[in-house]
Amino acid sequence: LTGCGRRAVPEPVSRSSFLLNTFVTVTLYDTDDQEILDGCFDLCAEYENLLSRTKETSEIYRLNHRAEGERSLQVSEKTAQVIAKGLEYSRLSDGAFDITIEPLSSLWDFTAENPQVPPEEAIREARERVNYRNVSVEGNMVTFADDVTTIDLGAIAKGFIADEIKAYLIEEGVGSAIINLGGNVLCVGARPDETPFRIGIQRPFAERNEVAGALDIEDMSVVSSGVYERHFIQDGVNYHHLLNPRTGYPYENGLVQVTIISRDSVDGDGLSTTCFALGIEEGSELLESLEDTYGIFMTEDGETYYTEGAEQFLAPNE
């Protein structure tokens, strides 16, 4: 091939690790430089040290465990950016998505050996502490209106980190890659032969590798939120991690999954939760008001709904 004046494309290189409380996989298609992969996972570790709500050395942990009366705290520029983005989606959804849901998300332990619905009184008390309007960001300063408001960036952090990894890869000259942060998929360019990447959509409640369909994606993000990710059954009811800040219980609106296709993964992350919370009608209306943003809604009765333009990404059946 080199004799014909063409550069041979290296074999893809891939690496996986358990970070950010999920499996992170980065695959490079146009380089086999292991040091670039090192840099990707260094970035993940760096952001985990900023944004984790459970890691005692993180900035979010420090905010959530501030001293009584301490209302304004300085954070790094990146942490401030993620909080600001979370507040943006909290406002956009009028609180259906809320980054101050931490009292509720900590109460519902979906990873316990024997998860249970929390006591009603505990849910009511936690719910009263949830209100994104009690947090503001100015520069790198985060200010709370009271002593009891706490933050959980789990619904938006992975998307932000994926975008940061993509920016790093582009800086390093990578033009073809897939970043997968626990199902948040972000594509850098297309395949080396200029064909799109094929991204599967998880079939709800099925095995991890079973897909409901596939999308042809170039240089865009695919993020799904569903009732099958972290959930348990109690008394015949499926309790899942997509909590309604107003009730304290999981959303019950007939949806099982929302998939967002967008330019930036942070938007896909925020919008997948927001649109799940809003439901098909309001969620579709929101997505169709945004540029280069598309949604796929799956319902409990097996129906699939597409926002305008979303079907263009469906991969042909082969």
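Reader: Is Phe-160 buried or exposed?

Author: This is a predicted model, in which local features need pLDDT of at least 70, side-chain atom pairs count only at pLDDT 80 or more, and totals for chains, interfaces and linings use all residues. Residues are numbered from 1 along each chain as its sequence is written, and side-chain values use heavy atoms, with hydrogens and water left out. Buried means under 20% relative accessible area, exposed over 50%, and partly exposed in between, with a 1.4 Å probe and protein chains only. Because its relative accessibility is 8%, Phe-160 counts as buried.

Reader: Which helix holds Phe-160?

Author: Helices are DSSP runs of H or I with at least four residues, strands are runs of E with at least two, and both are numbered from the N terminus. Residues 157-171 form the helix in which Phe-160 is found, namely α6.

Reader: Which residues does Phe-160 touch, not counting those up to four places away in sequence?

Author: A contact means heavy atoms within 4.5 Å. With residues up to four places away set aside, the partners of Phe-160 are Tyr-47, Lys-78, Gln-81, Val-82 and Val-266.

Reader: What separates the C-alpha atoms of Phe-160 and Glu-70?

Author: Along the chain, Phe-160 and Glu-70 are 90 residues apart.

Reader: Where is Tyr-89, and is Tyr-89 buried or exposed?

Author: Tyr-89 has its place in helix α3. Its contacts, leaving aside neighbours within four places in sequence, include Phe-97, Ile-156, Val-266 and Thr-274. Since its relative accessibility is 3%, Tyr-89 counts as buried.

Reader: Which residues does Thr-274 touch, leaving out those up to four places away in sequence?

Author: Thr-274 is placed in helix α7. Its relative accessibility is 0%, so Thr-274 counts as buried. Beyond four places in sequence, Thr-274 touches Tyr-89, Ser-93, Phe-97 and Leu-286.

Reader: What is the phi of Asp-94?

Author: Asp-94 lies in the loop between α3 (77-92) and α4 (102-107). With 46% relative accessibility, Asp-94 counts as partly exposed. Asp-94 is a residue other than glycine with a positive phi, near 55 degrees.

Reader: What is the phi of Asp-292?

Author: The loop between α7 (265-288) and β14 (293-299) contains Asp-292. A relative accessible area of 31% makes Asp-292 partly exposed. Although Asp-292 is not a glycine, its phi is positive, at about 50 degrees.

Reader: Which residues are in contact with Thr-259, leaving aside neighbours within four places in sequence?

Author: Thr-259 belongs to strand β13, which covers residues 255-262. Because its relative accessibility is 0%, Thr-259 counts as buried. Apart from those sequence neighbours, Thr-259 is in contact with Ile-201, Val-222, Val-223, Ser-224, Tyr-294, Gly-295 and Ile-296.

Reader: How many helices and strands are there in the chain?

Author: Among the helices is α6, with residues 157-171, and among the strands is β13, with residues 255-262. The chain has seven helices and 15 strands.

Reader: What is the radius of gyration of the chain?

Author: The radius of gyration is taken over C-alpha atoms, and the globule rule is 2.2 Å times the number of residues to the power 0.38. For 318 residues, a compact globule would have a value near 20 Å, and the chain agrees with this, at 20 Å.

Reader: What percentage of the residues of the chain count as buried?

Author: Phe-160, at 8% relative accessibility, counts as buried. Of the 318 residues of the chain, the part that counts as buried is 51%.

Reader: What is the mean pLDDT of the chain?

Author: pLDDT is the predictor's confidence in each residue, from 0 to 100. Over residues 1-6 pLDDT stays under 50, and the model has one contact beyond four places in sequence for them. In the chain, 96% of residues reach 70 or more, and the mean pLDDT is 92.
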